[in-house]
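Please look over the sequence and the model before reading on.

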Amino acid sequence: MPLPIENVIAAFPPTFRAGNVTLRPLSIGGAIRLAQVGVDVRQTPVPKDKLFAAAWILSVPSAPSPTGADKEFRRFLRRAKCGLKELAGALEEAFNAAFTTLI
């Protein structure tokens with residue numbers, strides 16, 4: 001019996017790429033952190049001024065430390081090599097995949 005696609009995606013969540021930035025699957029914790037910086041995961045596209053903040057949140061394996069977050073974000077910005085349009089598309093794909101699995 002084949003599994004519904006929602007189950008497969010939930011069990012083996014994909015990552016998404018924009019240039020050299022790899023976005024991890026959106027989790028409930030990620031959605032909460034995104035809301036803290038003003039990104040509503042139910043609304044796409046992500047505002048241009050929030051794209052790199054959203055990408056940074058979805059690219060780190062866990063919540064950044066409160067004391068070093070600014071430094072970590074600046075390091076992420078220096079290393080990120082991708083365009084805004086490409087990044088917006090990857091974020092939209094990540095959000096859509098998360099809602100496919102009904103997080």
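Are H3 and H4 roughly parallel or roughly perpendicular to each other? The axes of H3 and H4 come within 10 Å and cross at roughly 105°, and H3 and H4 are therefore roughly perpendicular to each other. Angles under 35 degrees count as roughly parallel, those over 145 as roughly antiparallel, those from 65 to 115 as roughly perpendicular, and the rest as oblique.

The model is a predicted one, in which local features need pLDDT of at least 70 and side-chain atom pairs count only at pLDDT 80 or more, while totals for chains, interfaces and linings use all residues. Residues are numbered from 1 along each chain as its sequence is written, and side-chain values use heavy atoms, with hydrogens and water left out.

**Helix packing**

Two packed helices are described by the angle between their axes and by the distance between those axes. Here the axes are lines fitted to C-alpha atoms, for helices over the stretch in contact, and the angles run from 0 to 180 degrees between N-to-C directions. Helices (H or I, at least four residues) and strands (E, at least two) are DSSP runs, numbered from the N terminus.

| Helix pair | Angle | Axis distance |
|---|---|---|
| H2 and H3 | about 155° | 10 Å |
| H3 and H4 | roughly 105° | within 10 Å |
| H3 and H5 | about 50° | 10 Å |

In the contact of H3 with H4, where contact means heavy atoms within 4.5 Å, Phe-52, Ala-53, Ala-55, Trp-56 and Ser-59 in H3 meet Ala-69, Glu-72, Phe-73, Phe-76 and Leu-77 in H4. By class, this contact has eight nonpolar residues, one polar and one charged; Ala, Val, Leu, Ile, Met, Phe, Trp, Tyr, Cys and Pro count as nonpolar, Asp, Glu, Lys and Arg as charged, and the others, Gly among them, as polar.

Helix H5 covers residues 84–100 and packs against H3 at an angle of about 50°, which makes H3 oblique to H5. The contact joins Leu-51, Phe-52, Ala-54, Ala-55 and Leu-58 of H3 to Leu-84, Leu-87, Ala-88, Leu-91, Ala-94 and Phe-95 of H5, and its residues are eleven nonpolar, with no polar and no charged ones.

Helix H2, residues 28–36, packs with H3 at about 155°, and H2 and H3 are therefore roughly antiparallel to each other. Gly-30, Arg-33 and Leu-34 in H2 meet Ala-54, Ile-57 and Leu-58 in H3, a set that divides into four nonpolar, one polar and one charged.

**Ser-59 and its contacts**

Ser-59 lies in helix H3. Leaving aside its neighbours within four places in sequence, Ser-59 is in contact with Thr-22, Arg-24 and Phe-76. From C-alpha to C-alpha, Ser-59 and Val-21 are 7.2 Å apart in space, although 38 residues separate them in sequence.
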